[in-house]
Amino acid sequence: QIDAPARIRAARWSPDRGYRVAYVTAARGLRVVAGDGTGDRSLGETGPAIPAWRPGGDRALAYVGPEGRLEVRDVDTGAPLERARASIPHATRTLSWSAGGRLLAAAGPREIRVLDLRGGGARRIETRARERITAAEFSPLGPTLARVFRAGTRSTVRAGRELFATRGRIGAAAWSPDGRWLMLETPGQLVAVRVVGGPRVLSFPGARLEGWSR
């Protein structure tokens with residue numbers, strides 16, 4: 001049990017078997033606590049993007065600071081681990097690491113910037129006319145980046161090709177650990193789209209997207 005100092009807006013388990021939980025309060029305070037509820041401590045303030053743990057279990061957490069800069073820190077020591085040479089989009093909404101932890105996708109309303117934090121390069125993905133980006137998530141198995149776009153009342157999911165489209169908003173996306181399914185949060189239900197194998201779509205009414213079990 002976590003006795004948070006304020007209402008929790010979002011929480012993410014660390015990849016090291018869940019030994020730590022990073023969570024964001026309604027006032028945009030960023031905190032980290034052990035999985036057993038002990039050692040709760042503040043890491044400062046964060047922007048609207050949900051923090052993202054780097055794969056590999058090295059305690060590295062990426063988040064957007066209150067001034068809009070990307071931060072990657074060791075949550076135990078507070079030491080900075082990476083410094084992005086390129087800026088991230090204004091009003092970045094989502095952060096996602098590639099499977100090897102080298103690339104980080106930062107998605108704002110009108111563009112995605114894929115940052116190579118080791119090599120220092122950056123690649124920009126812009127929207128088409130009248131589109132806005134609502135989510136971008138790397139596959140856990142490779143460099144495939146699933147992108148969610150909204151234009152008018154229509155939302156589209158692309159990952160090299162168009163995977164799914166619907167009338168209504170898709171607010172979040174999460175890959176299954178085996179990279180075969182993509183779970184999408186839509187108003188009033190979750191939608192699972194099979195990416196590998198024959199086309200298949202499953203819906204789960206009344207659910208919210210919190211993550212996949214392993």
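What follows is a walk through the overall fold and then a handful of residues.

**Before you click**

This is a predicted model, in which local features need pLDDT of at least 70 and side-chain atom pairs count only at pLDDT 80 or more, while totals for chains, interfaces and linings use all residues. Residues are numbered from 1 along each chain as its sequence is written, and side-chain values use heavy atoms, with hydrogens and water left out.

**Whole protein**

Start with a cartoon view. You'll find zero helices and 20 strands; here helices (H or I, at least four residues) and strands (E, at least two) are DSSP runs, numbered from the N terminus. The radius of gyration is 17 Å, close to the 17 Å that the globule rule gives for 214 residues, so the protein is as compact as a globular protein of that length. That radius is taken over C-alpha atoms, and the rule is 2.2 Å times the number of residues to the power 0.38. Draw a box along the principal axes and the C-alpha atoms fill roughly 45 × 40 × 30 Å.

Switch to a surface. The accessible area comes to about 11200 Å², with 47% of it belonging to carbon and sulfur atoms (Shrake-Rupley method, 1.4 Å probe; for residues, only the protein chains shown count as cover). Of the 214 residues, 45% count as buried, meaning under 20% relative accessible area, with exposed over 50% and partly exposed in between (1.4 Å probe, protein chains only).

Now colour by charge. There are 36 positive and 20 negative side chains, and the centres of the two sets lie 8 Å apart. Lys and Arg count as positive and Asp and Glu as negative, with His and the chain ends not counted; each charge is placed at NZ of Lys, CZ of Arg, CG of Asp or CD of Glu.

**Stop one: Arg113**

Select Arg113, in strand E11 (residues 111–116). Is Arg113 buried or exposed? At 13% relative accessibility, Arg113 counts as buried. Follow the side chain of Arg113 to the backbone oxygen of Ile88, which it reaches at 3.5 Å. Then show the neighbours: leaving out residues up to four places away in sequence, Arg113 touches Ser87, Ile88, Pro89, Leu104, Ala105, Ala106, Arg123 and Arg124 (contact means heavy atoms within 4.5 Å).

**Stop two: Arg169**

Jump to the loop between strand E16 (162–167) and strand E17 (172–175), where Arg169 sits. Arg169 is partly exposed, at 39% relative accessibility. Beyond four places in sequence, its contacts include Arg93, Thr134, Arg150 and Glu185. Run a C-alpha to C-alpha distance to Thr156: Arg169 is 13 residues away in sequence and 9.3 Å away in space.

**Stop three: two positive phi angles**

Select Arg28, in the loop between strand E2 (20–25) and strand E3 (29–34). Arg28 isn't a glycine, yet its phi is positive, about 65 degrees. Its relative accessible area is 39%, so Arg28 is partly exposed.

Next, pick Arg130 in the loop between strand E12 (122–126) and strand E13 (132–138). Arg130 has a positive phi too, near 70 degrees, and it is exposed, with a relative accessible area of 72%.

**Last stop: Pro199**

Finish in the loop between strand E19 (189–194) and strand E20 (201–205), which holds Pro199. Pro199 is exposed, with a relative accessible area of 83%.

Terms used
Polar contact = N/O pair within 3.5 Å; in protein donor to acceptor, adjacent residues only side chain to side chain.
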